[in-house]
Amino acid sequence: MSELMRRAIHPRFELGTQERTLAWRLHIDIPLLISALTVCCLGLFVLYSASGEDMDTVVRQSIRLGIGFVAMLIIAQIPPRTFRYWATPAFAVVTVLLVLVLFFGTVVNGAQRWLSVPGVGAFQPSELMKLSLPVMAAWYFSKVVLPPRWHDIVISLIIIGVPSFLIATQPDLGTSILVGMSGLIVLFFAGLSWRILSMAGLLTVIAIPLMYLFVLEPYQRRRVDTLFNPEADPLGAGWNIIQSTIAMGSGGLMGKGWLNGTQSRLDFLPESSTDFILAVIGEEFGLFGIVVLLSLYVFIVGRGLFISWQAKETFSRLLGVSLSLTFCIYVIVNMGMVSGILPVVGVPLPLVSYGGTSAITLLAGFGILMSIHTHRRLLPH
């Protein structure tokens, strides 16, 4: 009787058996946590081989992943309404940081992407935008009438286009694409009509050759040319794709075995511990290893979409879908890049490639998904 009275007096709460579990009270989604931990553990296992059995590299990556999981658990405690409240100021601050990178950024390997702050260190504002933009786009569409009208679409494209352009000028085409797609996903699921989508598709087809001729830098055009004919420069621009496809093909069905890869361990495969680590997996564990990893990725994306579907309000649904499908795009772009069906754009394999900033951002996004799921008993005000 007391439970029925509480439901009647507090209709905003929908209490279930899940809420009596420890994980639920700690705002942890166990399936998402276990699948992410599994991918990270497999990544460290492969990284040991890809780095030439360098244990220091594995330890450094473990520390970064640990920071990411701590960030995930902390963010999971924050209710979605807090993200919605801080969406605009956070987006404005990160956009200003992107502008500051253009004038005061640190140049590394010919790219000006890092911003050094005394007492804090160097960081990439573009990584912060991977979370800030989908939150901002979801906030905007939660405030307007759906499906969006023309002026809403124009405003959202400005919100998406400004940071994407700033990141592309660093230059960082891969991150620019991911950031832009995170916002476009929100726009799509906000309810665009098929007429508008058809027009957008036609404009995209027209824009692609124009971008190739007048927008892309010479080195970016070489990447596109190499995609279609890597053998034209086998010792230069085509080297990465040729060696990665050789490595993946030589692995066959079950692979050569852990620590037995030749392309990576004999240094034929460049960036074997970062962007091209999938080729190491294909060589050492074969098609079976890639299918296992891909199955884990599919589960993570599916879990994220399930969480989004269960969300009670527009903001949470749009944000959850964007975070889930952006993670999916990470996987598709990297796998397509390594297998030679997409241009090389420097997108790491999620939670597997060596590097801390991308992994921390992705795990923080999982924290937002957990927050959406475990706070969903709160109905919108």
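Visitor: Which strands does helix H6 lie across, and at about how many degrees does H6 run to S2?

Guide: Keep in mind that this is a predicted model. Helix H6, residues 87–104, lies across S1, S2 and S3. Its direction relative to S2 is about 105 degrees.

Visitor: In what order do the three strands of the open sheet come?

Guide: The pairing in this open sheet is antiparallel. Strand S1 (106–108) and strand S3 (121–123) each have a single partner strand, so they stand at the edges, with one side of each left without a neighbour in the sheet. Neighbouring strands are turned by 40 degrees against each other on average, direction ignored. The order is S1-S2-S3.

Visitor: Are H4 and H15 roughly parallel or roughly antiparallel to each other?

Guide: Helix H4 covers residues 55–76 and helix H15 covers residues 357–374. They pack at an angle of about 25 degrees, with their axes 7 Å apart. Angles under 35 degrees count as roughly parallel. H4 and H15 are therefore roughly parallel.

Visitor: How many nonpolar residues does the contact of H4 with H15 have?

Guide: H4 passes H15 in a right-handed crossing. On the H4 side, the residues that meet H15 include Leu 65, Ile 67 and Phe 69, and on the H15 side they include Ile 360, Leu 363 and Phe 366. The contact has one charged residue and four polar ones, while the nonpolar residues number 13.

Technical notes. Residues are numbered from 1 along each chain as its sequence is written. This is a predicted model: local features need pLDDT of at least 70, side-chain atom pairs count only at pLDDT 80 or more; totals for chains, interfaces and linings use all residues. Side-chain values use heavy atoms; hydrogens and water are left out. Axes are lines fitted to C-alpha atoms, for helices over the stretch in contact, and angles run from 0 to 180 degrees between N-to-C directions. Helices (H or I, at least four residues) and strands (E, at least two) are DSSP runs, numbered from the N terminus. Angles under 35 degrees count as roughly parallel, over 145 as roughly antiparallel, 65 to 115 as roughly perpendicular and the rest as oblique. A crossing is left-handed if the near helix is turned anticlockwise from the far one by less than a right angle, and right-handed if clockwise. Contact means heavy atoms within 4.5 Å. Ala, Val, Leu, Ile, Met, Phe, Trp, Tyr, Cys and Pro count as nonpolar, Asp, Glu, Lys and Arg as charged, and the others, Gly among them, as polar. Two strands pair if DSSP finds at least two bridges between them.
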